[in-house]
Amino acid sequence: MPFLLDCPHCGPREATEFVYGGEVMRRPTGRPPSRRELSSYLYFRENIPGPQREWWFHSSGCGRWLIANRDTRGGAVAATEAAGGAEGS
Amino acid sequence: MSARRLPEQPGELIRRGREIGFTFDGTERRGLEGDTIASALAADGQRVLSRSFKYHRPRGLFCCSGQCPNCLVDVDGAPGVRACTEPLREGMEVRHLNAWPSLEFDAMRAVDRVGRPFTPPGFYYKTFMRPRRLWPLYERGIRRVAGLGRLPAEPSERQTRADHRTRHADVLVVGGGRAGLEAAADAAAAGADVVLADDGPVLGGRMLWSGFQAEAAALARHVAELGVEVLSPGSALGWFHGLVPIWQDDVIHRVRAASLVVATGTIPQPLPFRGNDLPGVLLCDGALRLATLYAVAPGTRAVVCTIDDEGIDAAISLAEAGVEVAAIVDSRPAPAGAERLSSGVELIAGSTVLEAHGRAEVRAVSVASVEAGGIPGPTARRIECDLVAVSGGRAPAASLLMQAGARVAYHDATGAFVAADLPPGVRAVGSVRGIEAGERGPVPSVRGDRSGGRCFVCLCEDVTEKDVNAAVAEGFDSIELAKRYLTATMGPCQGRMCQLPSARSIARETGTDPSEIGVTTARPPIAAVPLGLIAGRQHEPGSRSALDAQHRELGGAMDWAGIWRRAYDYGDPGAEALHVHREAGLIDVSPLGKFLVQGPDAAEFLDRVYPNRLSTLDEMRIRYGVLVTEAGRIMDDGTVCRLDHETFYVTTTTGGSAAVLQWLRWWLAEWGMEVRITDLTGTLGAMNLAGPRSRDALAPLTEIDVGGEAFPYLHARTGRVAGVECLVLRLGFVGELGYEIHMPSVHARRLWSTILGTPGPVDVRPAGLEAQRILRLEKQHLIPSQDTDSESTPYGASLPWIVKLDKEQDFLGRWSLEMESDHPGTEKLVGFTAPRDQAAEEGAAVVVDGAPAGRVTSCRVSEVLDRTVGLAWVPPELAQDGAEFGIASNGSILPATVTTEPFYDPEGERQRA
């Protein structure tokens, strides 16, 4: 992982300091999902070649989650944002 | 002083009079401080350093710059070391690699002598195909003969340290020759943070052996004064999206710079003629490095063979250094630089060396005229010599540029491939740009020459001109195909010295131009680097409990449990477990994950992450909890204790704490709730005082009323124990009355010593991890990851009561668990018993009707029950008391009987006492 991630709390760091959390997904809420919706949520990912929103956990740093916009083709990270909650503020 | 050592040279790297002793193939040798292994051996008259890869031909120094394969040796048991760049150290044991029984007499040379019919290109593929059943036999033979050197059985000293360092800079300059030094100085003077890497031990590049030693030293000083960080010798290994790893000694510097300046210069190219691999045939650069840097005569009588001015320069320099130059053979009809030559040197213009003669080293050369197109005429004369210095032009060392995304273009004026269209942030300076054209003569060809001598295109893989011709004739006329078929460019030099000759040969054979042939892809690593260095050192830190020293004093057998070192036992785990049942034991449980979950939304948050209800928990009460994934699979377990309305104290397993913290914070980030999670795992120590007499042991030490009614099961209390403020939890993991005491780590020793050391009626003894595992198994308490895997649900693991589907909140895993609850599942986790002497292995197969039907996850002999107990995944129909199944064990089947209730104290009266 030869790219940098700009941690909102720690600043730019090597990607090796982070744990990848996968694509940002929408969790089915409100009503029971159908089997198709549930299996799609659990087991299917877009896996697009291009920019995507993804979760990163700064395990060797602040121990917080952030969301990065990353181009999966080259690893270039366009932007990062702190994830919500008291932890992320 | 050795006879081959020249008089003092300006800028020589050796320290005269400072001798260093080493051995080569067991014989004592001596060199000088500043020597490389190869220069010391050359000074000692050793010309043959290796045997070639395929034909086992004798090979000697050729490039003297760490590029070609000719000087690969084994140093102190580590193979693949380049003798020409490896600094000499006292006591080094150097051995040759690829010859048997000795370097001087190599039995495999017969391959070379017998000749071509047996070694055409693709020999292995064509010969060892049939009969197929004999392949294992062939393979054994091939493996014995192939390869260079043997890996040491034990990791050698060279590989024990390997550090990775990350360095951020404004500018990285790769290459410390004139262009690189000037670029680094300019950037640093402009205020940039600059790193400069050069693969030589001394900065200066070609300045060092071309009369500019003083200028090189001055530039190097200037750069250092400007604050440039110099990595020397430091080799760039590749380009990875802007990250350039530089290998220096036993460190890999991961340099990330906003700008990359590539000043890697050029690589001198060989010329094709028969016997162009004989010891004594050197590149002009190699001969000059040897003579000027190490003051070693590369030979006594030289013939220089060239197509450009570089040969003329080399002849002048060699003569100045004290080497007799018999003749210069130049392919140009009227070389412009000729007037610079002194009168004693004969210039043979419009000619080339047709063949180098000699068996173990060069003795003479045949010279012939060169016709148009580089075709040589018949031999005109023979010149006695023991050194042939060759200059076949230069190729830009553009690997790094090409990896960074530059396009490769053929440059007609220089007859070489250059990098074009550099990507943003990458610049090339100096001769690596490949556009400094001088007068060039034709590159001679040996085509049409029918004599038997070998003319090598690729020294690493022993590929000859005729092999290339044969490959093209067989249809491998693209450079990528020919590369794979011939393995040319795939050896230790990675194409540096054979890429261009291969392209030239294929172009000639196919009647095209090298520009149409192109080059093969440049891949990392650019320099040969030990794999151990890339792997780096193990950096996973081991964690130790605050009681580590106590465990060792007590004779504890320390063992890894995740990242923790834990006391496995103190001599007899069975007896330790029995003592917990009969009296009282003290178990260090400090490695448990311990988190404080606080905030107005804390109760709501826990209700959402756990499948059971925690918001209904009263203050100072405890509930067991299992964490499941969104797929409803068991992830971890532990206890949750409500300290006050907004504060919960959550424990996890030792191995799962990091993953649980990550998991909880992830959902917190997703939901954005008013909750704060604090990791107290290292801050707090914990110990479990358990056993029927634990109350009697604790009572005199604490202000807390530990009476059965005042402090019941699954309740928590705070207060002083042995003078230390503690949180005490009444839990039952080990099945006896017990108190899990949590305290600041700094006080753990005091508490531990006090509890164990207080004289009194209760004999409290330490119990280890293994005793705890026996005790929990007697209660059928599962351990996530030990007894569960990525497919285990709470229903399968016989914990249906932990899932509250009637909960109003949506919780993690709810949708999956709802679907699971409708299905019986394919297997269930059950307890089983077996006779005492028939303990099964963990992981053993459960056998039903002669077929595998499940597996054993835990199995121990219980002293208190006097039989074997365990947990196993079995088909659902066997999940009832009294069902019987078999367990495969060493070829026999052990009988086992299902028990769904805890084996020990099934009513739980003892832990609730």
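Predicted model: local features only at pLDDT ≥ 70, side-chain atom pairs only at ≥ 80, totals over all residues.

Residues are numbered from 1 along each chain as its sequence is written, and chains are lettered from A and ligands numbered from 1 in the order in which they are written.

Chain A contains one helix and six strands; helices (H or I, at least four residues) and strands (E, at least two) are DSSP runs, numbered from the N terminus. Along the sequence, these elements of chain A follow the pattern β-β-β-α-β-β-β. Taken along the principal axes, the C-alpha atoms of chain A fill a box of roughly 40 × 35 × 20 Å. Of the 89 residues in chain A, 18% are buried. A residue is buried if 20 or more other C-beta atoms lie within 10 Å of its own, exposed if 12 or fewer, and partly exposed in between, with C-beta atoms placed from the backbone.

The contact between the chains takes 23 residues from chain A and 24 residues from chain B; two residues are in contact if their C-beta atoms, placed from the backbone, lie within 7 Å. On the side of chain B, the elements that give two or more residues are H18, S37 and helix H22 (814-821). H18(B) gives the most, with six residues. By class, this side of chain B has 11 nonpolar, seven polar and six charged residues. Here Ala, Val, Leu, Ile, Met, Phe, Trp, Tyr, Cys and Pro count as nonpolar, Asp, Glu, Lys and Arg as charged, and the others, Gly among them, as polar.

Five strands form an open sheet with antiparallel pairing, in the order S34-S35-S36-S33-S37 (chain B); two strands pair if DSSP finds at least two bridges between them. Its edge strands, each pairing on one side only, are S34 (622-628) and S37 (676-679) of chain B. Within the sheet, four bridges join S35 (residues 634-644) to the antiparallel S36 (residues 647-652) of chain B, and Asp644(B) has Thr647(B) as its bridge partner in S36(B). Helix H18 (residues 657-671) of chain B lies across S33 (593-598), S34, S35, S36 and S37 of chain B, running at about 165° to S37(B). Axes are lines fitted to C-alpha atoms, for helices over the stretch in contact, and angles run from 0 to 180 degrees between N-to-C directions.

The axes of H5 (residues 178-189) and H6 (residues 213-225) of chain B come within 9 Å and cross at roughly 30°. H5(B) is therefore roughly parallel to H6(B); angles under 35 degrees count as roughly parallel, over 145 as roughly antiparallel, 65 to 115 as roughly perpendicular and the rest as oblique. Leu181(B), Ala184(B), Ala185(B) and Ala188(B) in H5(B) meet Leu219(B), Ala220(B), His222(B) and Val223(B) in H6(B). This contact has seven nonpolar, one polar and no charged residues.

Finally, Gly825(B) is found in the loop between H22 and strand S43 (828-834) of chain B. Gly825(B) counts as partly exposed because it has 16 C-beta neighbours inside 10 Å.
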